Amino acid sequence: MGAAGEGNDEQKELDMSPEETSQARTCPDCGAQVEAGASFCTKCAAPLGAKTDRKAAKRAKKKAYKAAKKSTRGEPKRIEPWAVRAGEAVAKVPGWVKVWVPIAVVLIIAVVVALSIVAAGHTPQAAIERYLGRLKNNQYNNAYRMLSRKGGKFGTLDYFINWQELQGEKLGRLEEFSVRKREFKNRLFGRYTEPDPSEGAAYVATLQYKEKTYDVNLFAVDNGGSWPVKSYLVRLTEGPTRAIVAPLGAEILVDGVLAGKAVEDQDLKDALSLKYFPKTFDDAVDYVRNLLRTFENSVVDVKALLGNLDMVSEDVQNSFERLNTGGVSWQQMVDAWDQLVSQSKSFTGDIVRTVVHVYWIFGGGDDDTVRARYTRVESGLDLSNLPEGWHEIEARLPGLEPEKKEFFAPETVSLSLDTGPATENDLKSALQGYFVARSDAYFSLNPLQLPTVAGGTVLENDLAYVADLATRGLHQASDLKSLKYKSFKVLAANVAIVETEETWSYIIFQGQAPVSTANNQKNKVTYTFQRDELPAEGIGRTQYGPWKLTESKVK
């Protein structure tokens with residue numbers, strides 16, 4: 001029967017029409033081509049009935065569903081005409097275009113990224129950080145080349161290197177720094193009185209040395225070039241710095257560089273002359289000029305006070321910002337507080353000086369003596385072009401003890417030199433020599449020695465007193481019971497004052513007979529001494545003659 005069945009199948013195949021033979025189909029299991037009407041696959045023997053076709057269709061439907069589920073949501077289920085056209089266009093693109101265009105795009109992106117990285121190193125802040133980095137690595141020559149300088153005593157390479165080495169010696173090396181944009185307003189007092197900088201980008205740099213931490217203002221100034229290699233120079237802030245130094249004529253050195261000598265404030269000197277009212281028309285013109293100049297200077301002083309107030313408030317704000325930052329050491333906290341106190345003292349001192357100046361202008365403390373004239377003088381020096389930040393100032397004058405002080409420019413700094421042992425001994429000798437000469441003149445009525453030790457009003461009064469004694473036939477015996485020196489102070493290179501407490505006894509004689517007696521008379525006396533400048537001989541320091549007593553005032 002099997003043979004008969006096979007024969008029947010073969011007979012069916014032979015009996016099929018050409019149309020039926022051409023309607024071949026695919027086996028759902030192995031994919032082989034099977035002729036139409038076959039019940040089994042001729043390759044894998046899989047059944048090919050109608051039921052099997054339904055199962056195959058079902059399996060195909062499941063596969064299509066799973067494929068659709070994995071596809072992106074919202075993806076169109078059918079190909080749009082434009083996609084067909086796009087595909088046809090892409091198919092027409094040459095192969096080399098498909099290869100090199102993506103490579104070119106990648107190269108362009110790489111170039112843009114590289115240029116952006118280069119540009120990031122040529123920003124104003126990057127220039128400031130590069131400058132500070134060179135300072136940190138002791139590359140002072142390279143750091144100096146980045147500066148935009150105006151010249152002057154504090155703008156040379158020698159000064160810059162000396163200043164940085166001095167900071168390293170006094171404060172230790174620069175360990176860390178941070179840079180941030182400077183805001184020209186603060187939370188404490190509102191907007192600053194100083195205007196925004198007309199050129200350059202303003203930054204605040206916090207410099208942490210081994211021994212101290214402080215803030216400085218810096219500017220990045222355009223130095224040409226274009227993106228991405230824009231060039232910037234660093235400009236150090238150079239605010240007005242005032243050094244108040246006594247005595248007049250003292251040498252002032254900043255960071256080891258001679259800045260000049262303490263000179264009299266001419267504007268204040270002109271203002272003090274206002275107490276003398278004019279008597280002529282020409283004097284009236286000068287008086288009005290001085291009055292207007294004094295008013296202008298007063299306005300300037302007020303503006304300076306407001307500017308100093310801004311600096312104090314900025315220091316307060318910067319200090320609190322640093323304290324609110326994590327990782328701040330105890331030493332940094334102490335430094336921040338120390339700088340704040342220093343700035344506050346400077347600001348308070350400026351207020352006091354302004355008030356004292358007004359008091360002087362209206363005649364306060366003036367008795368027309370040499371002592372009063374010099375004690376009413378504010379001597380000092382304006383330190384122009386001094387870079388903002390830490391500095392060391394020194395004042396010195398021969399015969400006096402030099403004084404050094406650290407300060408943070410642009411704050412005002414004050415120094416007062418004390419008399420040294422040699423100067424005090426010279427003044428003591430001068431005073432005691434005067435006592436001897438005066439006592440001898442009063443007793444002998446011979447004043448020949450007085451001009452060698454006295455001058456000015458003291459000499460005039462003593463000569464008049466000796467003449468009066470001689471006229472009345474009297475002479476005086478003087479006995480110094482005690483002498484205590486209270487203070488020595490040099491007001492200028494050739495002017496000094498000595499304060500004493502003395503006890504004297506006097507006996508006035510007419511012939512050999514005593515006429516009057518004064519025992520244990522105690523006085524507090526302020527003596528003013530002056531000395532003459534000697535002609536210069538060769539190169540060297542100024543030479544002076546001996547001290548002479550010129551004025552005395554009994555309290």
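This is a predicted model: local features need pLDDT of at least 70, side-chain atom pairs count only at pLDDT 80 or more; totals for chains, interfaces and linings use all residues.
Strands of a sheet pair through backbone hydrogen bonds, and the pairing is either parallel or antiparallel. Here 4 strands make an open sheet, in the order 3-6-7-8, with antiparallel pairing. The edges are held by strand 3 (174–181) and strand 8 (232–236); each has a single partner strand, so one side of each lacks a neighbour in the sheet. On average, neighbouring strands of this sheet are turned by 35° against each other, direction ignored.

Strand 8 pairs with strand 7 (residues 213–222) in the antiparallel sense, over 5 bridges. In one, A220 stands opposite V234 of strand 8. In the other, L218 is opposite L236, again in strand 8. In a regular strand, side chains alternate between the two faces of the sheet.

Helix 6 (residues 124–136) lies across strand 3, strand 6 (201–209), strand 7 and strand 8, and runs at about 165° to strand 3. Helix 8 (residues 157–171) packs on the sheet as well, touching strand 6, strand 7 and strand 8. The direction of helix 8 makes about 40° with that of strand 6.

The next details concern the backbone. A cis peptide bond, with omega about 10°, joins A246 and P247. P247 sits in the loop between strand 9 (241–246) and strand 10 (251–254). Another cis peptide bond runs from A409 to P410, with omega near 15°. P410 belongs to the loop between strand 16 (403–409) and strand 17 (413–416).

Finally, consider two residues with positive phi. D255 has a phi of about 55° although it is not a glycine. Its place is the loop between strand 10 and strand 11 (257–261). Why does D255 count as buried? The cut-off is under 20% relative accessible area, and D255 has a value of 1%. N520, also a residue other than glycine, has a positive phi near 50°. N520 is placed in strand 21 (residues 513–530). Its relative accessibility is 48%, so N520 counts as partly exposed; exposed would require over 50%.

Methods
Residues are numbered from 1 along each chain as its sequence is written. Side-chain values use heavy atoms; hydrogens and water are left out. Two strands pair if DSSP finds at least two bridges between them. Axes are lines fitted to C-alpha atoms, for helices over the stretch in contact, and angles run from 0 to 180 degrees between N-to-C directions. Contact means heavy atoms within 4.5 Å. Buried means under 20% relative accessible area, exposed over 50%, partly exposed in between (1.4 Å probe, protein chains only).
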